[in-house]
Amino acid sequence: MAELHIIGQIVGASEFPESSLFCKWGIHTGGAWKTLAGLRDGQTQVDNPVSHDSAYWAHPIDIHLTTKGLQGWPKIHFQVWHQDSHGRSELYGYGFCHVPTSPGMHEIVCPTWRPSGSFQEQVSQFFLGGSPQLKNHDLIYSGADRYRLSTIAMGKVHLRLGVILRNFDKFGIEC
Amino acid sequence: MASSSVFLLMVGGQIETGEFPEFDDIYCKYCFTYGQDWLITSGLEEGLTQVTKKSKDERQIFTWNFPLDITFKSTNPFGWPQCIVQAYGLDAFGTEVVRGYGVCHVPITPGRHKIQIPMFVPESSSQLQKFTAWILGRRPEFIDPRVVASGEGREVTRVRSQGFVTISFNVVMKDMKKLGYDVIPFRSDFIHGPRECRNERHINRNMMKNRSFMMF
């Protein structure tokens, strides 16, 4: 069986309307993939930066996967949340990126979006806070059913990922 | 540990510079953390830099130029080494205060890499603690700095990022390809030559960049 190591960091986020952000992340794979070691999901710390606009999480990722097929190459998905001074959390963005298929170091910038909601929801969000959220989180990384959403652009999530492949070339796979 | 299933990871490098706009004197402590399958074969796992002052020009940087030199061996890339940097400084009363924790993985590809590490300090978890910290002049610290290199239990921490440290790494590996691991992309232009040739060329190119590696 071929093996894949993903070693790296969720570095941080930029271009969000406010700092004091944290991120929930997870790895989604197809059915042929198995996790041998490492965390498949997690939540970062809340960063409240002093002198710059970007939040930094430096959240380590180290995961060892094995696979019998190429379908469902791993994807990393994120939910970025904003935590205000009273400890209330508000959704700021959804996003996903594919784990690169070529081995080596990769700097990845992942754009994010959030559901914008109806006009009424936007008015109530302006005065009361809170934001519409997805009931079904599969929508973050799947293309089906997206057409029913209306969304708005949010900031970017930055990742530094190292990819190590093992025995892919033994099965004739060129990455 | 059978010698045929072991690969080596040799890391050279330096803690180059830092940026902490709010502070004047900083020194760094570094340590490496790694998984169970890893061992250090040579080099120092921990170290302490000199104390340096912020430069008096418009760059406002701290320069340590502190050497890192360590070799690991392992059977499994899982638990790949991470470099933890802690920055310390003196406050107005002369007590030592932590100015930042930072972490990055040792790069997984051979060659030269320059990484800017964000540095953050934990925040007090309640207003009362914030107040007592202010009265006593004792800021919150991590008891074990290795928590910054682990992905678990981070959702309970609130941090303030307040600077950067720049580290350069020179990475050389041995026997990764022999064990079936690919760390650099498949190159079709080398496909007709022997597979080892491809790796050698890559590493040689990096050796030429850094003359200190010529003796390796």
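Biologist: What does A:W113 touch, leaving out residues up to four places away in sequence?

Modeller: A:W113 is in contact with A:G93, A:Y94, A:T151, A:I152, A:A153 and A:M154. Two residues are in contact if their C-beta atoms, placed from the backbone, lie within 7 Å. This is a predicted model, in which local features need pLDDT of at least 70 and side-chain atom pairs count only at pLDDT 80 or more, while totals for chains, interfaces and linings use all residues. Residues are numbered from 1 along each chain as its sequence is written, and chains are lettered from A and ligands numbered from 1 in the order in which they are written.

Biologist: How far apart are A:W113 and A:A153 in sequence and in space?

Modeller: They are 40 residues apart in sequence, and their C-alpha atoms are 4.5 Å apart. A:W113 itself sits in strand β9 of chain A, residues 104-115. Strands (E, at least two residues) and helices (H or I, at least four) are DSSP runs, numbered from the N terminus.

Biologist: Why does A:W113 count as partly exposed?

Modeller: A residue is buried with 20 or more other C-beta atoms within 10 Å of its own, exposed with 12 or fewer, and partly exposed in between, C-beta atoms being placed from the backbone. A:W113 has 15 C-beta neighbours inside 10 Å, so it counts as partly exposed.

Biologist: What makes A:D145 exposed?

Modeller: A:D145 has 10 other C-beta atoms within 10 Å, and is therefore exposed. A:D145 is in the loop between α1 (119-128) and β10 (151-166) of chain A. Its phi is near 70°, a positive value in a residue other than glycine.

Biologist: Why is A:N167 put in the class partly exposed?

Modeller: A:N167 has 16 C-beta neighbours inside 10 Å, so it counts as partly exposed. A:N167 is in the segment after β10 of chain A, and has a positive phi of about 65° although it is not a glycine.

Biologist: Which elements does chain A have, and in what order?

Modeller: Chain A has one helix and ten strands. From the N terminus on, they run β-β-β-β-β-β-β-β-β-α-β. Buried residues are 37% of the 175 residues of chain A, and its C-alpha atoms fill a box of roughly 60 × 40 × 20 Å along the principal axes.

Biologist: And what is the pattern of chain B?

Modeller: Chain B reads β-β-β-β-β-β-β-β-β-α-β-β-α along the sequence, with two helices and eleven strands. Of its 216 residues, 31% are buried.

Biologist: How do you know that α1(B) is hardly covered?

Modeller: The helix spans residues 127-136 of chain B, and the count of buried residues among its ten residues is zero. Just after α1(B), B:G137 takes a positive phi of about 70°.

Biologist: What is around B:F7, beyond its neighbours within four places in sequence?

Modeller: B:F7 is in contact with B:K73, B:S74, B:M173, B:K174, B:D175, B:M176 and B:L179. B:F7 belongs to strand β1 of chain B, residues 7-19. With 18 C-beta neighbours inside 10 Å, B:F7 counts as partly exposed.

Biologist: Which residues have the most contacts inside the largest nonpolar core?

Modeller: Those are A:C23, B:C83 and B:V85, in a core of 75 residues. A nonpolar core is a set of buried Ala, Val, Leu, Ile, Met, Phe, Trp, Tyr and Cys residues joined through C-beta atoms within 7 Å. Leaving aside residues up to four places away in sequence, B:V85 touches B:I15, B:C28, B:Y30, B:G102, B:I117 and B:V165.

Biologist: How many residues does each chain bring to the contact between them?

Modeller: Chain B brings 36 residues and chain A brings 39. On chain B, β8 (96-105), β9 (111-122), β10 (158-174) and β11 (181-182) each supply at least two residues of the side that touches chain A. The largest share of that side, five residues, comes from β10(B). By class, the side of chain B that touches chain A has 18 nonpolar, eleven polar and seven charged residues. Here Ala, Val, Leu, Ile, Met, Phe, Trp, Tyr, Cys and Pro count as nonpolar, Asp, Glu, Lys and Arg as charged, and the others, Gly among them, as polar.

Biologist: What makes β5 of chain A and β10(B) a pair?

Modeller: Two strands pair if DSSP finds at least two bridges between them. Strand β5 of chain A, residues 46-47, and β10(B) have two bridges, in the parallel sense. A:V46 stands opposite B:R158 in β10(B).
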